[in-house]
Amino acid sequence: MPVDESAPQSPAESSAQAAGTPAAAGAAQAPGAEIPAAAGRSVLVTGGNRGIGLAIAQAFLERGDRVAITLRSGDAPAGMLGVVADVTDGAALDAAFARVEAAHGPVEVLVANAGTTRDQLLMRMSDDDFDAVVDTNLAGAWRCARRAVRGMVRARRGRVVFVGSVVGLLGSAGQTNYAASKAGLVGLARSLGRELGGRGITANVVAPGFIETDMTADLAPALQEKYQEGIPAGRFGSPAEVAHAVLFLADAGYVNGAVLPVDGGLGMGH
Ligand code: NDP
């Protein structure tokens, strides 16, 4: 969805922009919440309007960071700046980043979370199923990282956290497109980390297992039960548990190119 910089802002952008100033973000913080030394940064979470992305955005907001999210429709939650962008559209992303920079300053923490699935057995999977998933999950994350590091290189600091998946290393029948896209994020993070580690920039991957979101709600109850039997924790995880790992990577200065599983032990050994 191309975004014309001169075009009127969507209701999501205009309402959230007003609320998304540094002062407003601070005001939205829960009373009494402590702000760690690393907080107060400009954070952008792609696909932050729901699911895991929303939990991540809320966790940063609660710490007092200036939080922007990309969304494709609807409104941003109070206190966050919503910028409309589809991660498959480089021009829209560029415009979205420009809006975040104008409101919050250059992005210091990028969380590339937007992702999609189009599951199908390999022999039945179309080129379009493969291309669409890779274009969103891998190329989309790459586009965001390429745009974000511009400001990070200038500042000589930055954090990039890619939201991968346990299946990127474990594999998953019926998800050749999705697993390939998530495995690709590991090479992307490690290459970025090697390229820009000397500039104070780190790039890491969180690899969630089954997390309770719209993506897993679609699974039949019997299938959910079957999957849970294979998880040492015996349950699915929560979006907040993924957010906790993302906050750690956003703070850590000496963790680079890591894949941090948040999967209840499902993928251990991979
Ligand atoms: P949801 O389906 O609940 O949310 C996906 C988010 O990505 C939405 O905000 C969606 O926007 C956004 N998005 C999808 N495609 C695009 C696009 N082309 N451009 C911009 N935004 C896009 O998923 P989850 O919260 O469950 O997943 C978040 C991330 O975590 C994904 O990368 C997923 O692969 C990963 N993950 C999830 C697991 C799980 O069990 N849920 C397990 C492992 C990894 P919109 O609202 O407009 O559709």
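Start by selecting α3 and α10: these two helices are oblique to each other, because their angle falls in neither the roughly parallel class (under 35 degrees), the roughly antiparallel class (over 145) nor the roughly perpendicular class (65 to 115). Helices here are DSSP runs of H or I with at least four residues, strands are runs of E with at least two, and both are numbered from the N terminus.

Before you go on, note that this is a predicted model, where local features need pLDDT of at least 70, side-chain atom pairs count only at pLDDT 80 or more, and totals for chains, interfaces and linings use all residues. Residue numbers run from 1 along each chain as its sequence is written.

**Stop 1: α3 and α10**

At what angle do α3 and α10 pack? It's about 55 degrees, with the axes 8 Å apart. Axes are lines fitted to C-alpha atoms, for helices over the stretch in contact, and angles run from 0 to 180 degrees between N-to-C directions. Now show the side chains: Gly51, Ile52, Ala55, Ile56 and Ala59 in α3 meet residues of α10 including Pro239, Val242 and Leu247. Contact means C-beta atoms, placed from the backbone, within 7 Å. Nonpolar covers Ala, Val, Leu, Ile, Met, Phe, Trp, Tyr, Cys and Pro; charged covers Asp, Glu, Lys and Arg; the others, Gly among them, are polar.

**Stop 2: the sheet**

Next, colour the strands. You'll find 7 of them in an open sheet, ordered β3-β2-β1-β4-β5-β6-β7, with parallel pairing; two strands pair if DSSP finds at least two bridges between them. From one strand to the next, the twist averages 20 degrees. Zoom in on β1 (residues 42–45) and β2 (residues 66–71), which 4 bridges join. Pick Leu44 there, and its bridge partner in β2 is Ala68. Then bring back α10 (residues 239–251), which packs on the sheet and touches β4 (109–112), β5, β6 and β7.

**Stop 3: α5 and α7**

Select α5 and α7, whose axes come within 9 Å and cross at roughly 20 degrees. So α5 is roughly parallel to α7. Among the residues of α5 in this contact are Phe130, Leu138 and Trp142, while α7 brings Tyr178, Leu185 and Leu188, among others.

**Stop 4: around the ligand**

Finally, which residues come nearest the ligand? Of the 29 around it, they are Gly47, Gly51, Arg72, Gly115 and Thr213. Being near takes a C-beta atom, placed from the backbone, within 6 Å. The shell divides into 9 nonpolar, 16 polar and 4 charged residues.

Technical notes. Two residues are in contact if their C-beta atoms, placed from the backbone, lie within 7 Å.
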